[in-house]
Amino acid sequence: MVGAFMALALPCLRTAGKKGLERPPFFGTGRTVSSELIDDVEWRVTEGLVPYPQAFAQMDARSTAIRAGDARELVWLLEHPPLFTAGTSADPAELFNPQGFPVYDAGRGGRYTYHGPGQRVGYVLLDLDRRGRDVRRFVHSLETWLIASLAELGVKAWAVPERIGIWTADAEGREAKIGAIGVRVRRWVTTHGFAINVAPKLSDFSGIVPCGISEFPVTSLEAIGLANKGGELDQALSNKFADFLGSLAA
């Protein structure tokens, strides 16, 4: 799900319809924004549900500023209201959308992805011009970071070379997807990032073929009995972040 080296444009709203019943935000209901520096990278956490076009516009502007040397690199953790995003390889036959959620052209690599309450989204904006111009290494390191972070919560997760994303065993012992990865690189600055399913409404994924993979189910921390660990995810990601950065230059 690695995109080409092209400019980002504002996301295009493909369809919009009637909203279903939404879950409340898992990571806080306010509009609080906290920010700190970790290894000279801004680590930002936003509570509440952030509209996708707003997040996209901020990500696009920050990417431009990073390339110009006017802003620090950024990891931004947030939640979105229910929606689908279409990557550059999205197949319209894989979009069903009985819920009538908005669908946005995201400009990242990959196919259709769901975002919604109870899912931790992480936008990772790093300058690969100074961290090694290796997009494959970046994606592999991103997978390793997420796997290590989930391990801190007691989740055994893994990557599969031919199926990008993060996988684990669901409550029935089946291999299931617990995390998605979709990135784009513009002028060697990465955009987009990952999504980890903490406690989303899993039935919402039925509106698409997630990432074009229909043979495997989707799961979450909640579905495997670890919803109480969801609040520890951000700290686990922070704990393993330095290792992730170090692996980019290895």
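**Close-up views of the helices, sheet and cores**

**View 1. The crossing of helices α3 and α5 is right-handed.** In a right-handed crossing, the near helix is turned clockwise from the far one by less than a right angle; anticlockwise is left-handed. The model is predicted: local features need pLDDT of at least 70 and side-chain atom pairs 80 or more, while totals for chains, interfaces and linings use all residues. Residues are numbered from 1 along each chain as its sequence is written, and side-chain values use heavy atoms, without hydrogens and water. The axes of α3 and α5 lie 9 Å apart, at an angle of about 160° (lines fitted to C-alpha atoms, for helices over the stretch in contact; 0 to 180 degrees between N-to-C directions). The two helices, α3 and α5, are therefore roughly antiparallel (over 145 degrees). From α3, the contact is made by R137, F138, S141, L142 and W145; from α5, by F241, F244, S247 and L248. Contact means heavy atoms within 4.5 Å. Helices (H or I, at least four residues) and strands (E, at least two) are DSSP runs numbered from the N terminus.

**View 2. S141 belongs to helix α3.** The relative accessible area of S141 is 5%, so this residue is buried (under 20% with a 1.4 Å probe, protein chains only). Leaving aside neighbours within four places in sequence, S141 is in contact with F244, S247 and L248.

**View 3. The largest nonpolar core has 40 residues.** Such a core joins buried Ala, Val, Leu, Ile, Met, Phe, Trp, Tyr and Cys through side-chain atoms within 4.5 Å. F138, W145, L150, F194 and F244 have the most contacts inside this core. Two or more residues come from each of β3, β4, α3, β10, β11, β12, α4 (233-239) and α5 (241-248). Helix α3 gives the most, with eight residues. Not counting residues up to four places away in sequence, W145 touches W43, V75, V124, F194, L237, K240, F241 and F244. A second, separate core of 17 residues includes F56, Y104, V121 and L125.

**View 4. Eight strands form an open sheet with mixed pairing.** Their order is β2-β3-β4-β8-β12-β11-β10-β9. Pairing requires at least two DSSP bridges. At the edges, β2 (33-38) and β9 (158-160) each pair on one side only. From one strand to the next, the twist averages 20°. Strands β8 (residues 119-125) and β12 (residues 189-197) run antiparallel and are joined by five bridges. Q119 stands opposite N197 in β12.

**View 5. Helix α1 (residues 52-68) lies across β3 (41-49), β4 (74-79), β8, β11 (175-186) and β12.** Helix α1 runs at about 140° to β12. Helix α3 (residues 135-152) lies across β3, β4, β8, β9, β10 (163-169), β11 and β12, and runs at about 145° to β11.

Terms used
Buried < 20%, exposed > 50% of the residue type's maximum accessible area, 1.4 Å probe, protein only. Parallel < 35°, antiparallel > 145°, perpendicular 65-115°, else oblique.
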